[in-house]
Amino acid sequence: MKNYKCRFQYSFLMILFSGLVFISGCSQTKYAQEPVSIPPGIDKILVLSFTDASDGEDNSSVRCPLSGKTFLTGKIHAGSIDFLNNHMRKLLGSNQNFKFISSEHLKKIQADQENIPEIERFINTGKKLKTDAVLTGHIYRYQDRVGGKYSVESPASIAFDIHLVRVADGRLLWSAHFDETQKALTDDLFQLSSFLKRDGQWITADQMAAAGLEHLTEGLNLP
């Protein structure tokens, strides 16, 4: 009787696991962040809008001008920059060390700086607004799923990064990036935990971006 019970439990687990395998909704996630403690003297941090770094190209390799890392580009879903900006404000806005600026205000400040290197624009903007550091990021790919929760023609696929730059000398204090294209569990069994966390569903680009941004900012030890 005992052996029968064990065989039944084993069979049940195998059936359950097999069922999970054939349901879609897993992911191939690439997070990269090193926790950092903001150094002394960095009391005011200006948070700038994410920028589109895809160059309007699909499936091209683009190198980040700050970290040097390369990303595969893709379509930038309409509203993605606003979504990431708003979610960043939601995550950091309650901390008084962070100062946010609207895209319109930023355009006015940087109106005469279009032809200078990006890092110099960050430094100049930080100095004009009297902040100690600048937090900003690039979007390389932001493609929403085509389909529904349980079946898709193509999955959500996102790549973006974040950087903390010291205004005084332009030093890159911290960088982190998120790069993910959701995949079926059958393509990567090692992603079972991620699959279960997402209830075995194909998620949207905004859901993926929100989770990625929350994960990355966890490495930023706030003052």
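This is a predicted model: local features need pLDDT of at least 70, side-chain atom pairs count only at pLDDT 80 or more; totals for chains, interfaces and linings use all residues.
The structure holds three aromatic pairs, where rings of Phe, Tyr and Trp (its six-membered ring) pair if their centres lie within 6.5 Å, and where planes under 30 degrees apart count as stacked, over 60 as edge-to-face and the rest as tilted. Let me take Phe50 and Phe160 to begin with: their ring centres are 6.0 Å apart and their planes stand at 85°, so this pair is edge-to-face. It links distant parts of the chain, with Phe50 in the loop between β3 (45–47) and β4 (51–52) and Phe160 in strand β11, 110 residues apart; strands here are DSSP runs of E of at least two residues, and helices are runs of H or I of at least four, both numbered from the N terminus.

Residues are numbered from 1 along each chain as its sequence is written, and side-chain values use heavy atoms, with hydrogens and water left out.

Is Phe160 buried or exposed? Buried means under 20% relative accessible area, exposed over 50%, and partly exposed in between, with a 1.4 Å probe and protein chains only; Phe160 has a relative accessible area of 0%, so Phe160 is buried. The rings of Phe160 and Phe178 have their centres 5.5 Å apart and their planes at 35°, which makes this pair tilted. Because Phe160 lies in strand β11 and Phe178 in strand β12, the pair ties together parts that are 18 residues apart in sequence. Phe178 is likewise buried, at 0%, and Phe50 counts as buried at 3%, and ring pairs link Phe50, Phe160 and Phe178 into a cluster.

Turning to the strands themselves, β11 (residues 157–166) and β12 (residues 172–183) pair in the antiparallel sense over nine bridges, given that two strands pair if DSSP finds at least two bridges between them. Within this pairing, Ile162 stands opposite Ala176 in β12, and in the hairpin, which has five residues between the strands, Gly170 takes a positive phi near 75°.

Finally, a contact of another kind: the charged end of Lys69 sits over the ring of Phe71, 5.3 Å from its centre, the criterion being NZ of Lys or CZ of Arg within 6 Å of the ring centre and within 35 degrees of the ring normal.
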